[in-house]
Amino acid sequence: MERSFKTEVESLRLGDGQTFHGEGILAVTKALLQSGVSYVGGYQGAPVSHLIDVLVDAKPLLDELGVHLETSTSEAAAAAMLGASINYPLRGAATWKATVGTNVASDALSNLASAGVKGGTLIVIGEDYGEGASIIQERSHAFAMKSQMWLLDPRPNLPTIVNMVERGFELSEISNTPVMLELRIRACHVYGRFATKANRRPQFSRHDVIEKPDFDFSRICLPPATYAQEKHKIEHRMPAAIKFVRDHKLNEIFAGDANDVGIVMQGGLYNTVVRVLHQLGLADAFGNSRIPLYVLNVTYPLVPDEVATFCAGKKAVLMVEEGQPDYLEQALNVILRRADLQTKVHGKDVLPMAGEYTSETVLRGLVKFLDLVAPRGVDVARAKARVEVVDGHKAKAMSLLGAPVPPRPPSFCTGCPERPIFSALKIVEREMGPTHISADIGCHTFSTLAPFNLGNTVLGYGMGLASSVGLAPNFKKRVISIMGDGGFWHNGLTNGVASANFNKDDGVLVIMKNGYSSATGWQWLPSSLQSRAGGPSGMTIEKALRGVGVRWMKKVYNYNVGNVTRVLKDAMTTAERGLKVIIAEGECMLAKQRRVRAEDAKKIQAGQRVAKPKFGVDDQVCTGDHSCIRLSGCPSLTVKDNPDKLRRDPVATVIETCVGCGNCGEVSHAAILCPSFYKTELVYNPSAIERLVDRVRRRVIAWLATPEAAPTPSVPGEARFAAAAE
Ligand code: SF4
Ligand code: SF4
C-alpha cells in the first residue's frame, strides 16, 4: 500500500482506560485487537479499505501479539480463510465491501455457515449503499437470512461499534455461527472516541503451535452431515443467538413520553433519525427523544419477545429500514400477528422502498407517519411546517441559481494513464466504426461516462472478458474487453483469460496495468513492484498469461497514443485467431504524484535541479473546436475566452493542475487535430548555463515583442525557467 498509516497504528497500541479518537473503521480495528483475534484478513474496498491498510502498517504490533494477517486476493479467499475457526477455537475476522464482496465470498460463506464455528468469527462488511456508493444497490440482509448468519448493524457511535465487535465474537462462539458486522459509509467515517482496553493476546496465536489436527465429520459440508447442520442451525444456533442478544441487551430501547407510538430502526440509521427528531423539536441535541425508540443493533435475528414488549400498548410504530425488500417490516408484522398485538406497522408506506435514507427523506417520511397516527401530545402541525421550511429553502436556492446545476460526471484523475487508452479507442472507433466493449470494475469504469462513453456492460470485478464471450460470435467486428490489473488477479485470470483460451474464443482484451489496486486506495497487487514483504512478489501478468497459453500478447506504453491506436487496430484485424491481449502500462498518476512530489520536494530543498513538464495551448493557433477536450477529457484541459476579438469560440487552455503527462498533445497528434499544443518545463534550481540561456531568450523575446508583450515571470521570486518549447 502506497499510503502510510503511522499515526493510526499508534492508536492501536492504546491500553486500559486510555482514549481513542478517530474514525469508526479504525475503532473496529482496535476492537479486533482488544477481542483477542488470532487471524485477520480481507479484500480492500470502500468503505472498509482502511481496516486492512492500517493492519498492514501495524505488522510489528501484530507480530508481538502473534496475530496472523492475510491480505487476500479476493473476498472468496478471505471468506475461506475463516474456515480456521470451524475446528479450532481461533477467533478470526475478515473484511470486504458489500454486497459485491459478499457475492464473491458467498460460496465459502455458505459452507462456513453450514459447518458452524468453534472460534468466534466476525465479518466486517462495508455496506456500500446510497448516494456515496459505487456499486449495485442491494442489501447484505439477504445473505444473513439465507445462510443463517447473524447481522449486526450498530448505531454509528464508537463505544457502540466497539461493544458490538467484542460482543460479536461472543455471540459467534455461543451460537457456533459466523457474525456479520455491517457498517454503512457514514458509520465507517464517523468520528468519535471511546475508552480503550489493552490488546489481548489471542488464546491461540501463531506463537502457539497446534500439534494435532482436529477431525470431526459433523463439520464437513457433505451429506448426511449437511442435513444435521441445517437442523443444528434452527434447533440450537438460532435460539442461542436470540437468547444472547436479549440477555446482553444488544438492541437498545430509549423511552419517551409520547409512548402511544414508537420508532423501530436499523441501528445504522439511528443518527439520522435522531437528527430529524431534533429538527422537529421531538428530541434534544443529545438524542433524548420524546418518541420511544427501539434501536436494532442486531437486525438478524430479531428477538420476537423484545419486539412485542416494545410494541405492546402502542397504536402504531414506524419501521425505518433502508433499502429493499422490506425484510424487517415484514418480520415485524409476522411477530406482532403471532403475538396477537394490534399495533399498526408503518414503514414503506411513508418512506421510499428504494434509495438512501438521507435526513431529508427520513424527515418527510416521519412527518407523514406523525400526520397519520397523531401521537398523543405531539404538535403535528409544527412538524409539517418544518417540511414547508425545507421546501422553501430548496425553492429559494433554485431561484438563486436560475437553472438546475448541470450534472458533472466523475472522471479519471488528471494525467491518469488509463485515459490515453480510451482516447486511442475513440480514434479507432472513429476510423473502424464501433464495436461492443465489455467494461469492468476499477477506475477505468469512468470510460463509460462522458466524454468517452466507451463500455456497453459491467458485470463484476475482473469479469470484463468473461462477460463478452457470449456476444463475440454474433458481432461483425471483434469485441473488446477491458480489465484492470486488480481485476485480473481477483477473477480475470481464471474466469476470463483461462476460460477464453479453453474455449478458443476470439476477442481483444486490454489489461490496464497501473501497478496498484488504485480505485480502493493503492494497495499492492501480486504484480506490483512491491509487496508486503518488500520487493516484487515474482508474479507478473505476462508470466501468468503465458502460463495459461496466451500467444498474442503486446505491451504498450499508454501515453504513446499513436502506438496504442496502431496496436489496437492490429489486434482487431489480425488473421490470427484466439485471444489477443494488450497490456497497457502506465503507473497510476495519483500514486506516482504522491511518490514523486515528496521526492522532488526533498531534492528542491537540497538545491538539486528538478524539471517538471507542463503542457499548454497556444491560444493564437487554437481554432476552438475542442476536439482535444472531447478525446482527452482531462480536467486540467478546459476553455477560456478567445483572445482574438474577431472570434467568439472559446479556446482550449491548460490549467495549473496539469501534471504534464502529455496525453492531450499526443491525442492531438494521433488524431491529427491541430498543432496548438506545446510542452515546457518548469526547472527548479536551474544550472548556470540554463540561467544564461534564459536571460538571452528573454532579451531576444523582449526585443522581438512590443514592450507591453515582453514576458515577465508570472510567479515573482519562484525559480522557474522555460527550458524548452516545442
Ligand atoms: S487513481 Fe490512478 S488509476 Fe485511478 S483514475 Fe486516478 S490516476 Fe487513474
Ligand atoms: S498534459 Fe494534458 S492531458 Fe496531461 S495532465 Fe496536462 S492537460 Fe491533462
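**Reading loops, burial and ligand shells**

Me: Lys504 sits in the loop between α18 and β18 (507–513). How are such elements assigned?

Reply: Helices (H or I, at least four residues) and strands (E, at least two) are DSSP runs, numbered from the N terminus. Helix α18, for example, covers residues 485–502 and contains Asp485. The model is predicted, so to speak of local features takes pLDDT of at least 70 and side-chain atom pairs count only at pLDDT 80 or more, while totals for chains, interfaces and linings use all residues. Residues are numbered from 1 along each chain as its sequence is written, chains are lettered from A and ligands numbered from 1 in the order in which they are written, and side-chain values use heavy atoms, with hydrogens and water left out.

Me: Are Lys504 and His626 buried or exposed?

Reply: Buried means under 20% relative accessible area, exposed over 50%, and partly exposed in between (1.4 Å probe, protein chains only). Lys504 counts as exposed because its relative accessibility is 69%. His626 counts as buried because its value is 18%.

Me: Which peptide bonds are cis?

Reply: Among them are the bond from Ala46 to Pro47, with omega near 5°, and the bond from Pro223 to Pro224, with omega near 5°. Pro47 falls in the loop between β2 (39–42) and α3 (49–57). Pro224 falls in the loop between β8 (191–195) and α11 (225–247).

Me: Which residues does Asp485 touch?

Reply: Contact means heavy atoms within 4.5 Å. Leaving out residues up to four places away in sequence, Asp485 touches Ile511, Met512, Lys513, Asn514, Gly515, Tyr516, Leu525, Ser527 and Ile541. Asp485 counts as buried because its relative accessible area is 2%.

Me: What lies 2.8 Å from a polar atom of the Asp485 side chain?

Reply: The backbone nitrogen of Gly515 does. A polar contact is a pair of N or O atoms within 3.5 Å; within protein, one must be able to donate a hydrogen and the other to accept it, and residues adjacent in sequence count only if both atoms are side-chain atoms. Another case joins the side chains of Thr414 and Ser636, at 3.1 Å.

Me: Where is Thr414?

Reply: Thr414 is in the loop between α16 (380–401) and α17 (419–432). It counts as buried because its relative accessibility is 17%. Beyond four places in sequence, the residues Thr414 touches include Met589, Cys634 and Cys658.

Me: Which residues are around ligand 1?

Reply: A residue is near a molecule if one of its heavy atoms lies within 4 Å of it. Around ligand 1 these are Phe412, Cys413, Cys416, Cys443, Asn514, Ser518, Cys588, Met589 and Leu590. Ala, Val, Leu, Ile, Met, Phe, Trp, Tyr, Cys and Pro count as nonpolar, Asp, Glu, Lys and Arg as charged, and the others, Gly among them, as polar. This shell has 7 nonpolar, 2 polar and no charged residues.

Me: How many residues surround ligand 2?

Reply: Ligand 2 has 13, the closest being Cys634, Cys658, Cys661, Gly662 and Cys664. By class, they are 7 nonpolar, 6 polar and no charged residues.
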